[in-house]
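Subject: Structure handover

Hello,

Here is the structure for your files. My notes on it follow below.

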Amino acid sequence: MPERAREERAGLGAPFPAIAAPPGTPEIRIGLGVGLPHAPLGGGAALLVTDPDGVPVVEIPAGERWTVLAVAGGVSVSSGGWRSTPALRLGIQAAPGLPVRVDDREYRGRLEILRDRTGLTLVNRVGLEDYLAGVVAGEMGRRLESEAAALRAQAIVSRTYAIRNRGRWRAQGFDLYATVADQVYGGLGVENALARAAVEATTGLILTYEGAPIDAFFYSTCGGRTAEGTEVFANARRPYLRAVWDQDAGGEAYCRISPRYRWRHEWSGEELRGMLRRTLPPVTGTAAEAITEIRSLRVAKVTASGRVAALAIGLRRGEVAVNGQGAVRQVLRPAPDQPLRSNRFTLTATARDGRLAHLVAEGGGAGHGVGFCQWGAVGRARAGQETDAILAAYYPGTQLHRLY
């Protein structure tokens, strides 16, 4: 059976059993949603709803869909006109080994539903190894068996990230978001056989430097060269976060297989003016009313790894500076909800009658470029590199350590 067919077949059918995690495996709290007015609950296995003291409130029968609501005084569950007494926190769990379903997705472990300032916060409390099965699949998608070394590398990177950042959002009632704000986590529904195998093969392994878990930054595609940590994050001066060429012996980028390896965006003068009227005010404080015409737009600063760190935008009353890689990507947007893919780009501007008439950005890569390049890891795995070699390429000088 071909590799892809075998992998896809393994990912279908009955849910995988929970990963047999060793003693000492920590539990982690994942924020699935914040500020929600309500969320659908149930529809799968029977669920037991408990109050903050663990006292049963109601049992939701298997297959039934109820609603959890943000109400005055806390959180309630509701069905058919019945509503539970409000509580500041509710616990939701299924029978051992069965998933809980909320917002039409299934998760291992159990749920906590909290009342926040504007609505509901949904939290999945789950063992770290089961969490990682949903992260590796969510971050890397379906891969081939020949790319398994990249999945194992991602599992170690994601485990290290979770350990290093555990408690990051403690004030909101959880450790990590389930989105790109931390790591993409899709729960049980995205798991596949190869992702689970990668987690199981690396159980308890993290990356350390001088005995401490590293800052395991990662992203999609470096475009051929990674970035120094401080190019992007002011406090990321780490010996292992160095700018390195990510190329094979023939000078070809390992991540050239990425669909985001090279890209191009262009704007007419009117499109550019409309975009900057939306994006410049929150980033630079420039009033939208002052952005009546765009006279020029140029790269003002480039980092050592070739990434754009500052722009200079000529308006009717002078130039506006956009400083910082994050700010640059927020200002130059291909679409209102889409920041520029990366800071590895060049600009070609065409002026007419003293105004910018056309702008083209041609670039490569996706993401900030610091640390682990996911598509580069896939390319390295295809080239026969093992997991430890892949990790050493992106985090030079680090060591593998078994935490449990």
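A word on terms before the pockets: on a 1 Å grid over the protein atoms alone, a pocket is an open set of points with protein on both sides within 12 Å along at least five of seven lines, and its lining residues have an atom within 4 Å of a point. Grid points are joined across faces, edges and corners, and a volume is the space filled by probe spheres set on the points; the probe is 1.4 Å.

This is a predicted model, in which local features need pLDDT of at least 70 and side-chain atom pairs count only at pLDDT 80 or more, while totals for chains, interfaces and linings use all residues. Residues are numbered from 1 along each chain as its sequence is written, and side-chain values use heavy atoms, with hydrogens and water left out.

Pockets

The largest pocket has a volume of about 980 Å³. Its lining is made up of 29 residues, and Val-180, Phe-218, Tyr-219, Ser-220 and His-368 lie nearest the centre. At least two lining residues come from each of helix H2 (128-140), helix H3 (148-165), strand S16 (218-219) and helix H8 (374-382); helices (H or I, at least four residues) and strands (E, at least two) are DSSP runs, numbered from the N terminus. The lining divides into 14 nonpolar, 7 polar and 8 charged residues, where Ala, Val, Leu, Ile, Met, Phe, Trp, Tyr, Cys and Pro count as nonpolar, Asp, Glu, Lys and Arg as charged, and the others, Gly among them, as polar.

The second largest pocket has a volume of about 320 Å³. It is lined by 18 residues, with Pro-96, Gly-97, Leu-98, Arg-108 and Gly-109 the closest to its centre. This lining has 11 nonpolar, 4 polar and 3 charged residues.

Aromatic rings

There are 9 aromatic pairs in the structure (rings of Phe, Tyr and Trp, the last by its six-membered ring, with centres within 6.5 Å; planes under 30 degrees apart are stacked, over 60 edge-to-face, the rest tilted). Phe-372 and Tyr-394 make an edge-to-face pair, at 5.6 Å centre to centre and 75 degrees between the planes. Phe-372 belongs to strand S23 (residues 372-373) and Tyr-394 to helix H9 (residues 387-394), so the pair ties together parts that are 22 residues apart in sequence. Both Phe-372 and Tyr-394 are buried (under 20% relative accessible area, with exposed over 50% and partly exposed in between; 1.4 Å probe, protein chains only).

Tyr-394 also has the charged end of Arg-380 over its ring, 5.2 Å from the centre (NZ of Lys or CZ of Arg within 6 Å of the ring centre and within 35 degrees of the ring normal). Arg-262 lies over the face of Tyr-261, at 3.9 Å from the ring centre. Elsewhere, Tyr-107, Tyr-131 and Tyr-185 are linked into a cluster by ring pairs.

Strands and loops

Strand S5 (residues 65-71) runs antiparallel to strand S2 (residues 38-42), joined by 5 bridges (two strands pair if DSSP finds at least two bridges between them). Within this pairing, Ala-39 has Val-68 in S5 as its bridge partner. S5 is also antiparallel to strand S6 (residues 74-79), again with 5 bridges, and Val-71 stands opposite Gly-74 in S6. The hairpin of S5 and S6 has 2 residues between the strands, and Gly-73 there takes a positive phi near 95 degrees.

Asp-103 is not a glycine, yet has a positive phi of about 55 degrees. It lies in the loop between strand S9 (100-102) and strand S10 (105-107) and is partly exposed, at 43% relative accessible area. Glu-210, also not a glycine, has a positive phi of about 55 degrees. Its place is the loop between strand S14 (205-209) and strand S15 (212-213), and at 70% relative accessibility Glu-210 is exposed.

Regards
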